[in-house]
Amino acid sequence: MTEEIADAGRGISLAYERIGDRGAEPLVLVAGLGQQLHSWPDAFCARLAERGFEVVRFDNRDAGRSTHPRFRPSRLPAMFAGRFPPEQYDLTDMAADTVGLLDALSLDRVHIAGVSMGGMISQTVAALHPARVRTLTSIMSTTGSRLIGRPAFSTLRLMGAKPPKSRDEAVESAVKMFRHISSHGFPFDEAWVREKAGAGWDRDPTAGGVGRQLGAILKSGNRTPLLRRITAPTLVIHGDRDRMVHPTGGAATARAIPGGRLETVRGMGHDLPEGAWDTVLDLVGKHLRSSDVTAP
C-alpha cells in the first residue's frame with residue numbers, strides 16, 4: 001500500500017491508496033465524517049482484495065492529507081437554521097471530488113461503498129453520475145431527512161465536546177466516542193482505536209474539517225428525491241445497535257432507492273468490528289458478484 005496524491009479538479013487534491021491487483025474490478029471505499037482513509041482497516045481491505053477487487057481508499061476533502069479549505073465553519077445552531085458561510089461546500093461537491101479521483105486514476109465504472117457520511121457521498125455519486133457506478137453499497141448511513149436516522153441524545157452530547165489540542169487528547173477522545181457508538185454486540189478493540197486515532201493525529205492534527213464536513217451534510221438537506229434517481233444495484237447495511245445513525249436511516253435509504261435491499265447486522269453499531277467482518281464481507285461480496293450486478 002503506497003499513499004499518493006491525486007488532482008481531483010476544482011482545486012482539490014485527494015490522498016489515496018490502491019490495494020490489490022490493478023487489473024481487478026475497482027471498489028472505491030468512502031470514509032465517514034472526520035475519518036481518514038485508514039478508518040477502513042488494513043485487514044478488512046486486504047480481505048476485499050483477496051476476493052478479486054482492487055480496493056481504493058482515500059481521504060475526503062477536509063480530512064487527512066487531502067485539501068483543507070480554510071474558512072471557519074458555522075456553529076451548530078446556525079447550521080440547523082440553514083445559515084452557512086458562502087464557501088461552504090455540500091455533498092454534491094464531495095461527490096464531484098470522488099469522481100475527480102476516478103478520472104485521475106482512469107477508472108471508468110466502479111463499485112462504490114461508503115460508511116456514514118461516506119454512504120451519503122456514495123449515494124450522491126450514484127445518483128448524479130450513474131455511468132460511473134457499477135454497484136452501490138451504503139453502510140450505516142441515511143437520507144438526510146431530519147425525521148429519521150437521528151443520533152441518540154447521548155451521542156450528540158459527545159459530539160459537542162471541544163476538539164482535542166494534543167495527540168493524547170485526540171486518542172482519549174476517540175476511545176470515549178467509539179466506546180459509546182461502537183458495536184456493543186461485539187468486543188471493543190480499544191488498541192485499534194488508539195492506534196487509528198494516533199495515526200490520524202499524525203497525518204492531520206488540524207481542527208475545523210469535521211465542522212465543515214458536517215456543514216456539507218446539513219447544507220445538503222433531505223436527499224430522498226435524489227436517491228430515487230439511483231439506478232445502480234444497491235445494498236444497504238445497517239447495525240441494529242447504531243447510536244450515531246439510528247437504524248431508521250438505513251431503512252429509509254433502502255426504501256428511497258429503487259430496488260434497494262436492506263440487510264441488518266445484529267449487534268453492530270456505528271463501526272466495523274472485526275467480529276462482524278465475515279458477515280459484512282459476505283454481504284458485500286455477494287452483492288458485487290451477483291450476475292445481475294456484474295452484467296455490463
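This is a predicted model: local features need pLDDT of at least 70, side-chain atom pairs count only at pLDDT 80 or more; totals for chains, interfaces and linings use all residues.

User: In what order do the eight strands of the open sheet come?

Analyst: The order is E1-E2-E4-E3-E5-E6-E7-E8, with mixed pairing; strands (E, at least two residues) and helices (H or I, at least four) are DSSP runs numbered from the N terminus, and two strands pair if DSSP finds at least two bridges between them.

User: Which strands stand at the edges?

Analyst: Strand E1 (4–9) and strand E8 (261–265) do, and each has a single partner strand, so one side of each is left without a neighbour in the sheet.

User: And how is E1 joined to E2?

Analyst: Five bridges join E1 to strand E2 (residues 12–19), and the two run antiparallel; isoleucine 5, for example, has alanine 15 in E2 as its bridge partner.

User: Switching topic, where is aspartate 62?

Analyst: Aspartate 62 sits in the loop between strand E4 (53–58) and helix H2 (76–80), and has a positive phi of about 75° although it is not a glycine. Most residues other than glycine have a negative phi.

User: Is aspartate 62 buried or exposed?

Analyst: Aspartate 62 counts as buried because its relative accessibility is 3%, where buried means under 20% relative accessible area, exposed over 50% and partly exposed in between (1.4 Å probe, protein chains only).

User: What about serine 116?

Analyst: Serine 116, in the loop between strand E5 (110–115) and helix H4 (117–128), also counts as buried, at 11% relative accessibility, and its phi is near 55°, a positive value.

Notes
Residues are numbered from 1 along each chain as its sequence is written. Side-chain values use heavy atoms; hydrogens and water are left out.
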